[in-house]
Every structure is written in C-alpha cells, then in structure tokens.
Amino acid sequence: MRNTLSILRKDFQEIDTSRKALRSFGTLIGSIVLAIGFFVIWRNGWSQSATFRWLAGIGSALVLAGLVYPAILRQPYRVWMGLAVVMGFVMTRVILAIVFYLVMTPTGFMLRLFGKDPLQRSWEREAPSYWIDKEYDDDTGARLERYY
C-alpha cells in the first residue's frame, strides 16, 4: 500500500504545468466542450439552447484562457491530470487482471489438460543434467555480430 501511494505521489509531482501544457489543455478541452455544445444543438435543435449556452460559455472561457492567460488554468489542469493519473493506475490493473484471467488462465488450463509442458519442468531422476545445448546454424564468430 505504501509503495502504491509513493508511485501515485511521484506521478502527481511529475505533472507538467508549463505554459505550453496549460495552453494546450485550455484550447483542447475548450474546443471539445464547444463541439459538444454544437452537437447538442445539431441533435436536439434550439430546444436545448440553455444547455448550448452553458457549454458554449465554458468552452469559450477555456479556449480564451488558454490563449490569453494560461496560468489561470493551473489548478483545473492539475485536478484534471490528477484524475487521469488515478484512472490510469486503476485501469492498468483492471486490464492486466482481465487479460490474465481471460487469456493466460484458460491457456494454462488447456496446456495442462493436454499434458503440455512448454518449460519442460518434468522431473527425471535418471537425467545427468537439465542443461539444453543450443544448436546454431552458423557456429562461427560472425554470428555474434548479427543478433537478429
């Protein structure tokens, strides 16, 4: 748990709050909010004009702040990126768990069911060694110069 918190704390501290990042945040998020507002008008007509006005106001304010005075967006940007860090941390573990339980576990069960052992972990009492010699097509020193 302590390691998890230190990873998240480190990621929070590394959030880039440069002028360029803040300007990009303001213009991008503001443009997206404006696009959503226009989509609402296009989809529902002017009956949703109050929603459009709110979205257009917020989007315009973000774009304007991003272009004119990006420093004002520092705290909203840190909150936004903090949420992104936490979501990334959680979703990484969720996706890895899904892949493990939906891909790796059934593959292991199938290999066991058919008696396959790709790592050759079987125990042989009569074997003098478990070393497996690698056979090369080209056993000269030139092969060491081309790895691939």
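Let's start with Gln120, which sits in the segment after helix 4. Helices here are DSSP runs of H or I with at least four residues, strands are runs of E with at least two, and both are numbered from the N terminus. Gln120 has a positive phi of about 50°, although it is not a glycine. Is Gln120 buried or exposed? Gln120 is exposed, with a relative accessible area of 55%. For these words, buried means under 20% relative accessible area, exposed means over 50%, and partly exposed is in between, with a 1.4 Å probe and protein chains only.

A word on what we are looking at. This is a predicted model, where local features need pLDDT of at least 70 and side-chain atom pairs count only at pLDDT 80 or more, while totals for chains, interfaces and linings use all residues. Residues are numbered from 1 along each chain as its sequence is written, and side-chain values use heavy atoms, with hydrogens and water left out.

Side chains of opposite charge can pair when their charged atoms come close. How many salt bridges does this rule give? The count comes to two. One joins Arg121 and Asp117, at 3.3 Å from N to O. Arg121 is exposed at 62% relative accessible area, whereas Asp117 counts as partly exposed at 28%. The other salt bridge pairs Lys10 with Glu14, with 3.5 Å between the closest N and O atoms. Lys10 is partly exposed, with a relative accessible area of 47%, and Glu14 is exposed at 52%.

Now let's step back to the whole protein. Its secondary structure comes to four helices and zero strands, and along the sequence the pattern reads α-α-α-α. The radius of gyration is 28 Å, well over the 15 Å that the globule rule gives for 148 residues, so the protein is more spread out than a compact globule. That radius is taken over C-alpha atoms, and the globule rule is 2.2 Å times the number of residues to the power 0.38. The C-alpha trace spans about 80 × 40 × 40 Å along its principal axes. Of the 148 residues, 18% count as buried. Contact means heavy atoms within 4.5 Å, and among contacts between residues at least 6 apart in sequence, 68% join residues at least 24 apart.

Let's zoom in on helix 2, residues 19–44. The expected span of a helix is 1.5 Å times one less than its number of residues. Which residues of helix 2 are buried? Among them are Ala21, Leu22, Phe25, Gly26, Ile29, Gly30 and Val33. An α-helix has 3.6 residues a turn, so residues three or four places apart point the same way. The cover over the buried residues of helix 2 includes helix 3 (49–68) and helix 4 (74–113). After helix 2 comes Gly45, whose phi is positive, near 80°.

Helix 3 has 20 residues and reaches 27 Å from first C-alpha to last, close to the 28 Å expected. Its buried residues include Phe52, Leu55, Ala56, Gly59 and Leu62, and helix 2 is part of what covers the buried residues of helix 3.

Last stop, the surface. Accessible areas come from the Shrake-Rupley method with a 1.4 Å probe, and for residues only the protein chains shown count as cover. The accessible surface of the protein comes to about 12,600 Å², and 65% of that belongs to carbon and sulfur atoms. There is a nonpolar patch with about 1,100 Å² of accessible area together, whose members include Val86, Met91, Ile95, Phe100 and Tyr101. Patches are made of residues with over 30% relative accessible area and no salt bridge, joining like charges within 9 Å and nonpolar side chains (Val, Leu, Ile, Met, Phe, Trp, Tyr) within 5 Å. Phe100 lies in helix 4 and is partly exposed at 43%. From Phe100 to Tyr147 there are 47 residues in sequence and 31 Å in space, C-alpha to C-alpha.

Notes
Salt bridge = Lys/Arg side-chain N within 4 Å of Asp/Glu carboxyl O.
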